Amino acid sequence: MNTIYGVYQLMSMPERMLVFLVLAPLVGGFLSGIDRKLSARLQGRYGPPLRQPFFDVLKLFQKERIVVNKFQNFSIVLFFLFTLFSGALFFAGADLLLVVFSLALAGTFFVLGGFAVGSPYSHLGAEREVLQMVAYEPMVILLAVGMYQATGSFKVAELVQQQQPLILYLPGIFAGFLYILTIKFRKSPFDLSMSHHAHQEIVRGITTEFSGPALGLIEITHWYENVLLLGMVYLFFGFNPWVALVVSVAVYLFEVFIDMNYARFKWQLTFASSWIFTAVAGISNIIVLSLMK
Amino acid sequence: MNLLIFLIVFPLCIAGLALVLPLGNALRRTIGVITAMVLSAVPIYLLVTYLDQGPVYFPIESHLVSSFMLGIEVLIAAFIVYISIKAKQYLTVLLVVVQSLIMIVFELTSGGSMEIENSLFIDKFSIIMALIVGIIGSAICLYAIGYLPEYHQHHKEVKDRRRYFSFLIYLFLSAMFGIIFSNNLIWLFFFWEITTICSALLIGYRNDKPSIESQFRALKMNLLGGLGFVIGIVYLYNTSHVMELDKLIRLDQSYALIPAVCIAFAGLVKSAQMPFSSWLTGAMVAPTPVSALLHSSTMVKAGVYVILRVAPALENTVAAKMLMLIGGVSFLITAFMAISQSNAKKVLAYSTISNLGLIVACAAINTPAAIWSALLLIIFHAVAKSLLFLCVGIIEYKLDSRDIEDMDYLIMRLPKLTAVMMIGMAGMFLAPFGMIISKFVTLKAFIDTNPGMAIILAYGSAATLFFWTKWMGKIISVRHGETEVVEHRVSRWEWFTLDILAACTVLVCLAFPLIASGLINPYITEVFGNVPPPEGFNMMVTFAMMVGLLILLPLGIFFFGYVNKNYKRVGTYLGGANLSEVTFEGAMASTQTIRLKNYYLKKYFGEDRLFNVGVLVSLTLLCVMFGVAFI
């Protein structure tokens with residue numbers, strides 16, 4: 001089990017970042033392929049080949065560039081760059097809190113892109129996207145807080161090598177994080193602002209006016225983000241890398257399963273339930289941890 | 001020492017001049033510009049001079065000055081009684097009479113025998129405050145030169161009392177300098193009361209019913225705070241014969257606790273924390289420069305300033321915990337309420353109270369890290385918030401509305417102003433800039449002392465993100481086709497101030513490693529002896545992000561605006577055949593018009609419900625704070 005961490009420690013921070021930047025889209029793309037295959041099987045279809053997401057994105061990059069606002073794609077570029085930056089920071093082993101804030105910055109650029117085009121569907125999608133961010137943000141911050149309470153450090157490099165299983169200290173935080181992970185992965189019942197499925201009542205939501213390469217970039221960003229989020233799941237089980245890897249993949253499959261089994265919630269329910277779930281699971285966990293000290 | 005006295009007396013002289021010189025006079029404007037230059041230059045000079053020194057105290061023969069101040073106080077009290085009786089505000093009369101009586105009796109009985117060693121002092125915190133008051137305060141005065149003529153054009157019913165207005169503003173600045181340099185508590189109280197009366201009179205500038213109401217609300221609340229202040233210093237002198245700020249902090253806690261709580265109470269009122277937040281939200285009836293001044297560099301900052309000063313006397317007490325919770329509750333509740341507001345000035349007001357709540361909470365925690373982030377919050381908030389208020393002031397007249405819902409396509413109608421406003425907003429909440437660094441450190445300070453506060457911060461930050469992002473989105477949305485640009489006739493005074501403040505916002509962000517290492521860290525070392533664990537790597541990363549963004553943004557805007565031609569521009573998808581930019585042909589050949597509105601979530605964050613909750617909770621906490629201090 002020490003081989004993974006051995007390799008990790010051998011690499012310098014820039015090398016870790018580079019590995020993330022190169023590998024994450026491959027992993028993210030294949031996960032997306034698994035997602036589509038599994039969803040299809042659950043719906044009784046055959047489904048596309050695993051490498052279909054890559055073909056889709058490549059095709060998007062060959063499409064015509066159609067825009068409403070000539071700056072709209074700039075915000076997507078920023079969304080892309082800052083998501084990569086957050087992920088690179090995370091896998092380099094930097095401060096978890098910094099990763100959380102920088103990811104929020106990336107999300108804000110995405111939302112601003114959605115607002116900037118001035119289309120009603122996109123506006124509504126952007127509005128819902130902010131609402132989703134507000135819904136999950138407390139839990140993401142509490143995740144960092146809980147990790148710090150359990151280990152005394154915010155550094156991912158130290159968190160990941162904890163000998164004791166963090167999941168035992170942070171079960172509430174983990175449950176809360178699973179809950180908001182559905183929002184982050186853009187899965188039903190929380191895929192309000194945009195959805196990969198056809199059943200979208202606000203056209204394509206926040207991405208309505210994005211097409212071609214910009215849409216491709218959004219897709220790739222999403223892959224990077226998914227890998228980053230699964231990395232956070234990994235932290236809970238860092239005591240054993242194999243267990244951690246298996247659980248991370250299992251969590252992803254679990255979210256796909258949830259996706260298939262739920263109809264979309266209204267935004268009111270999404271927002272209120274996320275905050276309440278965060279409050280109950282996350283806060284109780286944090287209070288217990290502070291009493292244990 | 002002469003410089004400190006100069007900074008207090010100079011604006012006073014200018015105030016006198018402003019009252020005398022006729023309006024529209026070129027000399028008047030020249031003096032305004034010179035004053036702004038002097039008031040910005042002197043604090044910078046102070047910074048350079050006192051940078052390498054610890055706190056410096058200046059002995060002054062204070063008896064004469066104190067008697068003089070007492071005389072002025074009596075005059076002011078008489079004036080307040082006069083205007084209050086005229087407006088039938090008897091509670092105000094009662095408050096001012098009680099307060100003045102205590103003060104007069106106190107000075108007559110103990111004033112003669114009082115030994116005061118050092119009446120004035122300067123340390124790094126005072127310098128930071130002086131820079132804020134000097135640069136931002138005087139920039140706002142310049143803005144007022146361009147703004148007020150237009151204000152009177154739009155409000156013909158308001159009597160033109162511009163001379164009186166400038167007089168009050170300069171007097172206000174003078175009193176602010178007084179507050180930040182006074183070590184003598186009697187002097188501090190004197191300047192404190194001057195800011196109270198000045199702010200109230202400025203709020204009532206319009207002289208119509210709502211303004212008068214807001215004026216007296218502000219006056220009543222702040223006089224109540226002042227009463228707390230008086231009781232605090234009288235108690236302090238009678239128990240321990242101390243009348244100086246530095247000695248108060250070094251005093252044994254059994255003596256210092258009650259005065260510190262009383263002074264902190266006055267600070268809570270002045271910084272508009274819950275339950276006293278309504279005076280600040282009511283203050284938006286005043287002309288924009290007043291709001292900008294109250295919210296950024298003066299009034300509310302004076303409140304948190306004294307709280308930060310007396311906080312060491314509260315260390316490790318239940319009272320400090322209560323103070324922290326009051327700050328936390330104010331932070332959370334007002335951030336929530338800001339979501340439900342569409343009035344731009346009200347959103348800004350709630351965001352101010354929210355940020356001050358965070359500062360108060362940091363002060364109450366009083367660990368090196370907490371104080372570190374409190375100081376950064378003060379700096380960043382002052383710059384960005386004044387900028388935003390001044391922008392909204394201009395928008396209000398160009399669009400004839402201060403409602404965020406009317407700010408559609410603002411970037412097409414007022415492009416440059418929108419750009420400036422984006423800078424301000426980014427400074428208020430966006431990740432690498434300003435506030436977020438301080439929030440970052442605040443969160444760490446909270447976790448170490450009280451995880452409950454970390455939870456409050458987690459929810460409050462999410463709410464903050466919400467109301468800023470949706471506002472930002474509103475102003476940058478674009479529609480196809482031509483829109484009338486209404487940016488003409490923004491006076492060069494206003495532009496000048498906006499440019500300066502926008503540049504300041506960017507500069508403090510860029511210079512923040514310097515500010516931290518040059519001013520804040522040494523101050524922390526002076527107070528605590530040890531510097532907080534350096535966040536070296538994180539500071540580097542945030543700084544890299546900031547520089548990256550500052551390079552990327554102009555480059556990207558240039559590229560997408562001028563270089564990139566490889567695109568086809570189309571109208572938006574509206575769900576039917578587009579007839580124009582905002583209409584389309586819907587079912588049954590009907591013409592449908594689109595309108596974009598934001599979410600306000602009144603059901604969850606409505607002011608009517610949350611405000612009462614906040615007042616009740618904070619009032620309870622306040623009672624407990626006093627209760628535990630007096631037991």
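Just after helix α10 of chain B, A272(B) takes a positive phi of about 55°. Helices and strands here are DSSP runs numbered from the N terminus, with H or I over at least four residues making a helix and E over at least two making a strand. This is a predicted model, in which local features need pLDDT of at least 70 and side-chain atom pairs count only at pLDDT 80 or more, while totals for chains, interfaces and linings use all residues. Residues are numbered from 1 along each chain as its sequence is written, and chains are lettered from A and ligands numbered from 1 in the order in which they are written.

Helix α10(B) itself covers residues 253–270. Its 18 residues should span 26 Å at 1.5 Å a residue, and the 24 Å between its end C-alpha atoms agrees with that; the expected span is 1.5 Å times one less than the number of residues. As for burial, a residue is buried if 20 or more other C-beta atoms lie within 10 Å of its own, exposed if 12 or fewer, and partly exposed in between, with C-beta atoms placed from the backbone. On that scale 13 of the 18 residues of α10(B) are buried, so the helix is largely enclosed by the rest of the structure.

Most residues other than glycine have a negative phi, and most peptide bonds are trans. H241(B), however, has a positive phi near 55° and sits in the loop between α8 (209–240) and α9 (245–250) of chain B. With 13 C-beta neighbours inside 10 Å, H241(B) counts as partly exposed. D400(B) also has a positive phi, near 55°, this time in the loop between α16 (368–399) and α17 (410–413) of chain B. D400(B) is exposed, with 9 other C-beta atoms within 10 Å.

Cis peptide bonds turn up as well. M274(B) is joined to P275(B) by one with omega near -10°, and P275(B) lies in the loop between α10 and α11 (278–282) of chain B. In chain A, the bond between S188(A) and P189(A) is cis, with omega about 5°; P189(A) belongs to the loop between α9 (171–184) and α10 (212–236) of that chain.

Chain A has 12 helices and 1 strand, and the order along the sequence is α-α-α-β-α-α-α-α-α-α-α-α-α. Its radius of gyration is 19 Å, close to the 19 Å that the globule rule gives for 293 residues, so chain A is as compact as a globular protein of that length. The radius is taken over C-alpha atoms, and the rule is 2.2 Å times the number of residues to the power 0.38. Along the principal axes, the C-alpha atoms of chain A fill a box of roughly 55 × 40 × 40 Å. Buried residues account for 57% of the chain.

Where the chains meet, 45 residues of chain B and 51 residues of chain A take part, contact meaning C-beta atoms, placed from the backbone, within 7 Å. On the chain B side, the elements giving two or more residues are α19 (435–449), α20 (451–476), α23 (536–563) and β3 (568–569). The largest share, 15 residues, comes from α20(B). Strand β1 (residues 66–67) of chain A pairs with β3(B) in the parallel sense over 2 bridges, pairing being called when DSSP finds at least two bridges between strands. Within β3(B), R569(B) is the bridge partner of V67(A).

Terms used. Contact = placed C-beta atoms within 7 Å.
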